[in-house]
Amino acid sequence: MSITNTTDYINRFGISQNKYDTNDLQAYIEDFEKQYLIDLLGKDLYDLFIADLVGGVPQDARFLAIYNEIYLSNDSACKNESTISRGMPEMLKSFVFFEYTREQQIKNTITGNVKASNENSVIVANSASRMMKLYNKGVDSYSVIAEYIVDNEATYPEYDGTLKEYIGYFL
């Protein structure tokens, strides 16, 4: 089950879609939401979290606490630089936007991998796009959620997540 839908990728997370690539975006959503949530929560807590979803929203209070926005105080255990998570849906949109748009210009066709060329536009380098900035915003939320879980380990004994790092323009 996905938390976000193709129709959520508008405004700040706007991804151009048409009848040909909406299915591709949906596949990215399904694959990368699962990957990032397992990384964040660990497999056991992920399975419990997914089982608790109804219409893409958790029902249990412990899962709602990490799903919704989180504001950490300065006295938290991990002392992460970020203190705000904009919520899991925003975090996941950041990561899916990054994963999808970094591969969007290359398509596999019967003649091999091709790069689109348009008359009135020029493809910019990834470093000139918003994808890395949005990825790093996703890492902010990811880190705050992980820190919240660590600070409340009695509520999340199944936690076995991993941390993510920011990316830069030279990676």
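Helices (H or I, at least four residues) and strands (E, at least two) are DSSP runs, numbered from the N terminus. Keep that in mind for Asp60, found in the loop between strand S2 (57-58) and helix H3 (61-67). Two notes on the source. This is a predicted model, where local features need pLDDT of at least 70, side-chain atom pairs count only at pLDDT 80 or more, and totals for chains, interfaces and linings use all residues. Residues are numbered from 1 along each chain as its sequence is written, and side-chain values use heavy atoms, with hydrogens and water left out.

Now the overall layout. The protein chain has five helices and six strands. From the N terminus on, the order is α-α-β-β-α-β-β-α-β-β-α. The chain has 171 residues, and 40% of them count as buried. Buried means under 20% relative accessible area, exposed over 50%, and partly exposed in between, with a 1.4 Å probe and protein chains only.

Next, contacts. Contact means heavy atoms within 4.5 Å. Take the contacts in the protein chain with a separation of 6 or more: residues 24 or more positions apart account for 70% of them.

Back to Asp60. Why does Asp60 count as partly exposed? Because its relative accessibility is 35%. Asp60 is eleven residues from Phe49 in sequence, and their C-alpha atoms are 8.8 Å apart in space.

Phe49 takes us to helix H2, residues 43-51. Its buried residues are Leu45, Tyr46, Phe49 and Ile50. Seen down the axis of H2, these fall within an arc of 135°, so they line one face of the helix. That arc is of the directions from the helix axis to the C-beta atoms. Asp44 and Ala51 are exposed on the other side of H2. What covers the buried face? The cover over the buried residues includes helix H1 (22-41), strand S1 (53-54), S2, H3 and H4.

Now the core. A nonpolar core is a set of buried Ala, Val, Leu, Ile, Met, Phe, Trp, Tyr and Cys residues joined through side-chain atoms within 4.5 Å. The largest one here has 41 residues. Leu37, Leu40, Phe49, Met88 and Met91 have the most contacts inside it. Which helices supply this core? H1, H2, H3, H4 and H5 each give at least two residues. H5 gives the largest share, ten residues.

Look at Leu40. Leaving out residues up to four places away in sequence, Leu40 touches Met88, Met91, Tyr142, Ile145, Ala146, Tyr159, Gly161 and Thr162.

On to a helix pair. The axes of H4 (residues 88-103) and H5 (residues 131-151) come within 8 Å and cross at roughly 145°. Axes are lines fitted to C-alpha atoms, for helices over the stretch in contact, and angles run from 0 to 180 degrees between N-to-C directions. Among the residues making the contact are Met88, Met91 and Phe95 of H4, and Tyr142 and Ile145 of H5. The contact residues divide into twelve nonpolar, four polar and one charged. Here Ala, Val, Leu, Ile, Met, Phe, Trp, Tyr, Cys and Pro count as nonpolar, Asp, Glu, Lys and Arg as charged, and the others, Gly among them, as polar.

Pro89 is also in H4. At 22% relative accessibility, Pro89 is partly exposed. Not counting residues up to four places away in sequence, Pro89 touches Ile3, Thr4 and Tyr67. Its C-alpha is 9.8 Å from that of Ser2, 87 residues away along the chain.

Last stop: Thr155, in the segment after H5. Thr155 is partly exposed, at 36% relative accessibility.
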